[in-house]
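Hi,

Here is the model I promised to pass on.

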Amino acid sequence: MVSVYPPNQTVNVSYTCFHCGDPCDGSMIKDDEKIFCCQGCLFVYQLLRQKELTGYYHFDEQVRVTPKKINLADYAYLDIPGLRDKIIHFSQGGISKVTLFLPQIHCNACIWLLENIHKLDSGVIHSNVHFLKKEASLTFDEKKTSLRKIAELLSSIGYEPNFAYDKNKGSVFSVVEKSLYIKLGIAGFCFGNIMLLSMPGYLSAAPLEYGFLKFFAYLSFLLTLPLLYSLSDYFTSAWVSLRQRTINMDVPISIGVVTLFTRSVYELFYQGGSGYFDTLAGLAFFLIVGKIFQKKTFYQLSFDRDFRSYFPIAALRRDAQGEKSIPIEDIAVGDCLIIRHLELVPADGVLRSEEALIDYSFVTGESQPVYVVRGERVFAGGKQMGGAIDIDVTKEVSRSYLTELWNQEVFKNKDKSGLSQLSQKIAKYFTFAILAIAMSSALFWFVYDASIALNVFTSVLIVACGCGLPLSIPFTFGTVLRIFERHHLFLKNDLVVERMAGVDTIVFDKTGTLTIPRSGAVSYEGIALSPEEKSWIRALVRQSTHPMSRYIYESIPASISPEVMQFEEVPGRGIRANIGAQEISIGSHAWVTGNKFKKAPENSMQVHFSRVYIAINRTLKGVFKIRSEYRESLSTVLNNLNGRYALKVLSGDHAGEKPALRKIFSAKTEMLFKQLPIDKLNYIRSLQENLKKVMMIGDGLNDAGALKQSDVGIAITETTSSFTPSSDAILKAEGFGNLPFFVALSRQSMNVVYMCFTLIFLYNVVALSFAVYGKLTPLVAAIIMPVSSVSTVLFAVVMTTYKAKKLGFSVRGDIEKRKMGI
């Protein structure tokens with residue numbers, strides 16, 4: 001039952017709203033034994049309760065957003081197709097995607113609620129929040145909901161979308177909130193004046209009259225009242241934490257401040273003393289300065305906003321001079337891009353080809369491909385499932401959008417960071433330990449010297465800092481990510497570094513990973529091909545991004561490309577399509593002949609060739625033999641890895657190259673041939689079942705399942721636009737020789753994290769020793785505390801950089817050509 005108390009009714013007890021935390025100054029509403037300040041807060045609570053989302057109130061946060069009263073006509077303009085299309089950046093088959101700027105996002109509770117918005121609107125398929133940018137990306141079904149309904153829902157629960165925000169002009173949020181600067185100004189004003197009023201007591205050769213000292217003490221007391229407002233963030237955070245029956249780092253600080261203030265007031269009014277208002281003012285000022293300093297420093301060192309923005313993705317552009325591979329940052333509106341089979345569309349465009357089959361599961365999670373015809377829109381993030389197509393670019397590339405796609409939950413199959421969980425567990429008990437130390441120290445000094453008991457109690461609470469524990473991990477791994485990028489390895493996120501450090505088994509795919517084609521390495525044997533047949537074959541292999549297809553394509557002279565219809569590619573087997581009245585098949589012997597029981601002919605004298613068979617209308621015409629050579633840096637890589645890791649080789653080719661591989665790999669290396677994609681995946685899974693930590697390196701096409709299954713999956717790429725969301729990392733081919741150094745630096749980074757943990761422990765031991773012995777004032781403690789957190793972060797960055805240079809990584813982005821003891 002809902003009870004409403006009118007504004008003129010006298011209420012003796014002060015109430016705060018259960019939802020937003022604001023005081024109920026006017027009328028208040030009671031429902032479910034909870035008090036609400038307005039109908040809006042009550043509505044949100046009832047809505048969350050109905051949808052079983054009351055977990056929102058379990059978060060340890062300071063202030064929740066207050067819902068806004070909306071007019072149903074406020075968002076009517078979102079039903080106008082032209083305006084709606086400018087806001088939505090993807091819409092296909094009734095599934096749309098939009099990114100909304102929600103300036104009200106400020107805490108973990110906001111993230112939790114917004115990422116569960118699908119429980120409030122069944123039309124929302126998925127939502128993801130970017131906390132720093134204050135953005136929410138939503139995928140929704142337009143058959144069940146609309147952009148207008150979503151905007152109205154968000155506004156009704158307190159998150160009004162700002163559609164005037166233009167993210168191309170930069171973010172509107174500030175690193176440091178304006179309110180914090182206001183509080184700094186208040187604290188600075190009070191601190192300066194209180195110190196001025198306290199100065200006579202410190203510097204006067206002859207003591208001032210008692211009346212003046214008392215007057216100055218009262219003025220200091222009055223100036224301390226607004227000073228407490230400047231520390232309201234600490235108080236609010238501590239209070240909410242205690243209400244939720246948890247203890248965060250703000251609890252001991254708040255207890256210390258309240259204790260110091262209470263003791264000062266007691267001395268002023270009951271003992272005739274001056275109190276510790278000057279110390280309290282300095283403490284407040286330096287706490288806020290420290291918080292601003294931390295925010296600015298951490299933002300400057302933050303890697304989340306830029307480290308993933310350098311993907312090695314290129315695009316194939318067609319112009320008057322022909323076809324050319326270009327970096328995606330060079331894509332401009334109006335360019336004609338060629339998107340081949342299984343390639344990702346890097347930018348929005350309009351289809352120029354007759355038809356396309358686009359898989360938007362990378363965007364929406366829906367696996368059903370969408371049929372698109374000439375003139376229709378094609379959206380970034382779609383994967384072409386048929387043959388090569390041409391699109392005209394209509395919108396610039398958004399790297400942040402591609403980054404967001406790569407990090408969607410559908411591609412996350414790894415465990416959480418063990419280090420992060422450890423640091424969070426330590427931080428949880430750290431606060432309890434500090435409270436125990438502070439109280440026991442105060443009791444000790446109260447018995448032996450009561451005059452310093454208060455200072456000891458406050459100093460212990462203020463100086464102890466465990467903030468560096470959770471901060472050391474992202475900043476250490478973030479530095480590693482930047483170094484890796486300079487050397488052509490691009491990781492999905494910083495947790496990959498920790499998993500890479502734990503690897504004990506490395507599995508290599510052969511073709512395209514260990515090998516590259518020799519110059520002039522492609523030869524043909526069989527029935528002579530006519531120029532027209534060669535053009536058919538060239539047109540077919542052009543559709544595929546497989547390394548063998550590219551080698552054959554480059555070996556056939558350019559000619560007029562016929563139209564390819566009904567293109568099909570089966571990983572590990574081959575490709576097939578109709579060109580005119582002819583069916584062209586290219587791949588394994590069984591694939592092109594349709595006879596999986598007949599063994600392909602082999603010549604033992606030519607074991608170093610990879611064979612790609614050609615059939616026209618199911619009649620075998622001949623075979624392309626592609627002689628590969630091993631990567632120049634392969635021997636050095638294996639010399640550095642042998643003995644430290646168990647090495648494995650998987651290949652879809654026959655075992656003819658096994659003797660040559662044995663000369664490079666050790667005798668202990670297990671080699672498996674004629675492996676289909678499913679065989680590779682099952683092999684990785686079997687290693688993991690035997691408690692092995694596996695890193696898989698493959699080409700990203702036939703190995704997609706194995707890459708996803710492995711603990712660390714690295715897709716190696718030449719200068720192509722193929723992109724594998726299943727992988728944890730993308731390695732440019734020129735960075736292959738650096739592989740041992742990447743693994744070594746990941747291990748060294750773990751040592752840096754442990755060094756940071758040790759540094760934080762030593763800091764607290766030394767600082768607490770001084771505080772417990774009464775050698776540290778609360779004012780000095782307030783200065784030291786934020787400096788310790790920042791110094792830990794700086795230590796993590798500097799030490800990681802030093803470890804990288806010691807391994808041979810240079811600032812310029814190359815690695816010294818020397819064998820390291822790694």
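Is the crossing of helix 16 and helix 17 left-handed or right-handed? It is left-handed, a label used when the near helix is turned anticlockwise from the far one by less than a right angle, with clockwise giving right-handed.

Before the rest, some housekeeping. This is a predicted model, in which local features need pLDDT of at least 70 and side-chain atom pairs count only at pLDDT 80 or more, while totals for chains, interfaces and linings use all residues. Residues are numbered from 1 along each chain as its sequence is written, and side-chain values use heavy atoms, with hydrogens and water left out. Helices (H or I, at least four residues) and strands (E, at least two) are DSSP runs, numbered from the N terminus.

Back to that first pair. Helix 16 (residues 531–541) and helix 17 (residues 547–555) cross at roughly 145°, and their axes come within 9 Å. Axes are lines fitted to C-alpha atoms, for helices over the stretch in contact, and angles run from 0 to 180 degrees between N-to-C directions. On the helix 16 side you'll find I537, R538 and V541, meeting S549, I552 and Y553 of helix 17; contact means heavy atoms within 4.5 Å.

Helix 13 (residues 450–463) packs against helix 23 (residues 739–772) at about 165°, with the axes 8 Å apart. That angle makes helix 13 roughly antiparallel to helix 23 (over 145 degrees; under 35 is roughly parallel, 65 to 115 roughly perpendicular, the rest oblique). This crossing is right-handed. V456, S459, V460 and V463 of helix 13 touch Y763, A767, L768, A771 and V772 of helix 23.

Then there's the sheet: 7 strands, open, mixed pairing, in the order 17-29-28-27-18-25-26. Two strands pair if DSSP finds at least two bridges between them. Strand 17 (489–491) and strand 26 (670–672) are the edges, each with a single partner strand, so one side of each has no neighbour in the sheet. Strand 17 runs antiparallel to strand 29 (residues 729–732) over 3 bridges, and F490 has I730 as its bridge partner there. Helix 23 turns up again here, packing on the sheet and touching strands 17, 18, 27, 28 and 29.

Last, the aromatics: the whole structure has 13 aromatic pairs (Phe, Tyr or Trp rings, six-membered for Trp, with centres within 6.5 Å; planes under 30 degrees apart are stacked, over 60 edge-to-face, the rest tilted). One of them is F191 with F285, stacked at 5.4 Å centre to centre and 25° between the planes. F191 sits in helix 5 and F285 in helix 9, 94 residues apart.

Cheers
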